[in-house]
Amino acid sequence: MLLHLARHPQAAGRVAAEAASLPADPAATTSTHLGSLQYTQALVSEVLRLYPPSWLLTRRAPRQTQLADYTIDAGSTVLVCPYTAHRDAREYAEPDQFQPERWLDDSGSPAKPGVFLSFGTGPHGCEGAALAMAMLTLLAAQTARCYHLSEPAGPEPSYQVTTLEGLTTVGLRLRATLRD
């Protein structure tokens, strides 16, 4: 998320502008303040779409199921890759492009169940998704409010699988300077 704030200064500026309405004391922030951070929430959703916290979800089929032209036997392990699913052009226009605005327009927002998988979906979805979104939104807002982020010259950061489901950024370098 911080890398995208650094690489997209116009988006970071919009986040900073929204964050200007937050109380000076972060502890005084309420759900009403959080609700006013619509663009910031869109930016967080877009980063999570492009780089979901878990790149692979596993589920066990409780019974035989037909999925498109495939029969999945009861007890089979099914793997779902949010990383690639979120880049499906049938669900997301220009899926490889960073476009937080797609989350602001109801016609472009992926509202269909099972399309946005960063926190899983259905009965096995992450119970902490709302808390995580609130925390990430406030982190992005407060960071953009206080700092201009930039990326020093150097090699492109890469991603490394750290567990069956986790990805970590390798070689990430950012520079933060205080906003005026």
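Predicted model: local features only at pLDDT ≥ 70, side-chain atom pairs only at ≥ 80, totals over all residues.
A pocket is an open set of grid points where a 1.4 Å probe fits, with protein on both sides within 12 Å along at least five of seven lines.

Several elements contribute at least two lining residues each: helix 1 (2-7), helix 4 (38-50), helix 6 and strand 7 (167-170). By class, 14 of the lining residues are nonpolar and three are polar. No charged residue takes part in the lining of the second largest pocket.

The largest pocket reaches a volume of about 510 Å³. A total of 18 residues line the largest pocket. Nearest its centre are Arg59, Arg60, Ala61, Val78 and Val80. Two or more lining residues come from each of strand 1 (57-60), strand 2 (65-67) and strand 4 (77-80). Strand 1 provides the largest share of this lining, with three residues. The lining of the largest pocket comprises nine nonpolar, six polar and three charged residues.

Histidine 86 was examined next. This residue is placed in the loop between helix 5 (82-85) and helix 6 (129-146). Histidine 86 counts as buried because its relative accessibility is 0%, below the 20% cut-off. Residues up to four places away in sequence aside, histidine 86 touches Leu48, Arg49, Pro52, Tyr92, Pro95, Val115, Phe116, Leu117 and Ser118. Among these contacts, Leu48 and Arg49 fall within the range of helix 4 (38-50).

The cysteines were then considered. The structure contains zero disulfides. The sulfur of cysteine 81 has its closest cysteine sulfur in cysteine 126, 18 Å away, so the two are too far apart for a bond. A disulfide would require the sulfur atoms to lie within 2.5 Å. Cysteine 126 is likewise in no disulfide, and its nearest cysteine sulfur is that of cysteine 81. Cysteine 81 counts as partly exposed because its relative accessibility is 21%. Cysteine 126 has a relative accessibility of 39% and therefore also counts as partly exposed.

Notes: Residues numbered from 1 in each chain as written. Heavy atoms only, no water. Buried < 20%, exposed > 50% of the residue type's maximum accessible area, 1.4 Å probe, protein only. Helix = DSSP H or I, 4+ residues; strand = E, 2+ residues; numbered from the N terminus. Contact = heavy atoms within 4.5 Å. 1 Å grid on protein atoms, 1.4 Å probe; cavity = no way out; pocket = protein on both sides within 12 Å on 5 of 7 lines; lining within 4 Å. Points joined across faces, edges and corners; volume = space filled by probe spheres on them. Nonpolar A, V, L, I, M, F, W, Y, C, P; charged D, E, K, R; others polar.
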